[in-house]
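Hi everyone, thanks for coming.

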Amino acid sequence: MLAKRIIPCLDVKDGRVVKGINFVDIRDAGDPVDCAKEYDRQGADELVFLDITASSDKRDIILSVVGRTADEVFMPLTVGGGIRNMDDIRKILLSGADKVSVNTAAVNQPELVNKGAEQFGSQCIVVAVDVKRKNPMHPEEGWEVYTHGGRTNTRKDALEWIKEVCLRGAGELLITSMDCDGTKKGYDIPLYETVSKLVSVPVIASGGAGTIEHMADVLKKGKADAVLAASIFHYNEMTVNEVKTALKNKGIEVRL
Amino acid sequence: MIHIIDYGRGNLRSVHKAFLSLGLQAEIVNQPEKLNSASGIVLPGVGAFGDCMSQLENKGFPEIMIERIGKGVPFLGICLGLQLLFEESEESPGVRGLSLLKGKVVRFQGCYKIPQMGWNQVQFRQNAPFVEGIPEKSYFYFVHSYKVEPGDQSVMLGETDYHGHYVSAVNRANMLGFQFHPEKSQKDGLRLLKNWGESCAG
């Protein structure tokens with residue numbers, strides 16, 4: 001049976017990992033390659049690098065980070081952040097990433113999803129969607145799409161947008177609930193339940209993980225295929241292996 | 001030297017680096033005549049069946065590949081590289097594959113997630129070659145929408161359950177093929193590459 005995936009996410013700025021990673025045993029906690037190796041050792045199923053480099057002249061640093069990681073860590077690697085055109089996608093894939101994740105650029109130029117999927121295959125194109133409930137108390141009213149790291153409300157209906165990107169060729173969806181992100185109070189389960197019924201591509205859930213129970217809920221009730229998490233791993237609260245073992249004990253198929 | 005065929009489409013870096021990390025000599029080749037000196041040939045596959053086949057043909061690969069494989073040079077097909085060993089695919093009707101194995105490639109059908117993306121188990125058959133050091137029911141990383149249906153079941157080396165059992169690894173004589181990506185499957189994937197790579201002479 002296909003296992004549910006546990007995917008740590010590393011925020012990388014100017015080639016360095018930010019958001020205080022706190023591994024005990026690694027040489028350089030700021031080095032993305034060392035962090036990637038540690039996650040590999042812990043049995044992570046994939047890795048995501050989110051490049052939050054602001055200045056354009058430092059953007060190419062991520063390419064060498066990806067290259068060095070791909071040379072040493074033999075697991076799927078996705079890179080997101082700051083991707084604006086086909087050339088960015090091409091460079092990232094050629095440097096050794098398996099997938100790129102596009103967010104704001106997909107909203108601004110939706111044809112980028114079509115072109116990327118046609119040229120490199122749908123399996124390379126992850127569309128990241130940041131969403132927020134229209135009415136926090138009433139999920140049935142739906143969700144809206146935000147861009148620019150959550151700063152801009154596009155007024156697009158999230159479910160319509162998700163259907164559209166799938167038709168355009170998205171191979172996977174990374175959906176972050178901004179209502180839940182950072183709260184550690186659990187995922188927006190109705191969101192993932194709704195999306196999973198709507199699309200046939202894999203869905204990665206992000207935003208809200210505080211406990212194993214939360215992850216189990218979004219994988220079971222929310223029918224997500226994978227969970228993305230950052231802080232629960234970075235601060236060494238739990239290792240990937242511990243999380244997977246605990247999920248397995250809750251009857252969830254994971255790779256151990 | 002293991003030769004990895006570059007037909008101008010995919011990212012071959014991971015496959016190449018995986019062999020190098022295992023201490024095996026490997027290089028990426030984009031000229032068919034180079035295959036004459038190969039101790040092993042790897043065909044990684046990215047993209048669509050028809051497109052990949054026409055890229056290989058444009059560069060003149062199929063004839064020499066078939067000739068070298070016929071002479072007994074070990075061959076490893078990964079993902080689409082496995083599918084291309086067969087005769088045809090629903091992905092690209094009318095396109096003839098390398099046809100070194102009988103059978104066809106069909107799309108997953110049903111109300112479930114397609115592509116299959118992620119880690120799934122491979123049950124290798126008893127006494128399977130190349131699987132030394134691989135624990136029972138190990139997980140490997142898959143990304144695919146099409147699967148092979150061999151005409152001759154004896155080529156089955158391993159199978160996987162994704163809404164039904166299907167053949168996820170094949171072996172016939174000096175031909176080996178994996179539907180999953182060993183180069184993305186951490187230590188068990190690397191072990192398979194090592195086992196195969198070490199079987200290539202020279």
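When I say contact, I mean heavy atoms within 4.5 Å. By that rule, 37 residues of chain A are in contact with 26 residues of chain B. Please keep in mind that this is a predicted model, where local features need pLDDT of at least 70, side-chain atom pairs count only at pLDDT 80 or more, and totals for chains, interfaces and linings use all residues. Residues are numbered from 1 along each chain as its sequence is written, chains are lettered from A and ligands numbered from 1 in the order in which they are written, and side-chain values use heavy atoms, with hydrogens and water left out.

Now, how much area is buried between chain A and chain B? It is about 2500 Å², and carbon and sulfur atoms give 52% of that; buried area here is the accessible area (1.4 Å probe) that two parts lose on being put together, summed over both. On the chain A side, A:Leu2, A:Phe74 and A:Arg255 lose the most area to chain B, together 31% of what that side buries.

Next, the charges. The rule finds 4 salt bridges across this interface, each being a side-chain nitrogen of Lys or Arg within 4 Å of a carboxyl oxygen of Asp or Glu. A:Asp98 forms a salt bridge with B:Lys184, and their closest N and O atoms are 2.8 Å apart.

As for the make-up of the chain A side that touches chain B, the residues divide into 17 nonpolar, 7 polar and 13 charged. Here Ala, Val, Leu, Ile, Met, Phe, Trp, Tyr, Cys and Pro count as nonpolar, Asp, Glu, Lys and Arg as charged, and the others, Gly among them, as polar.
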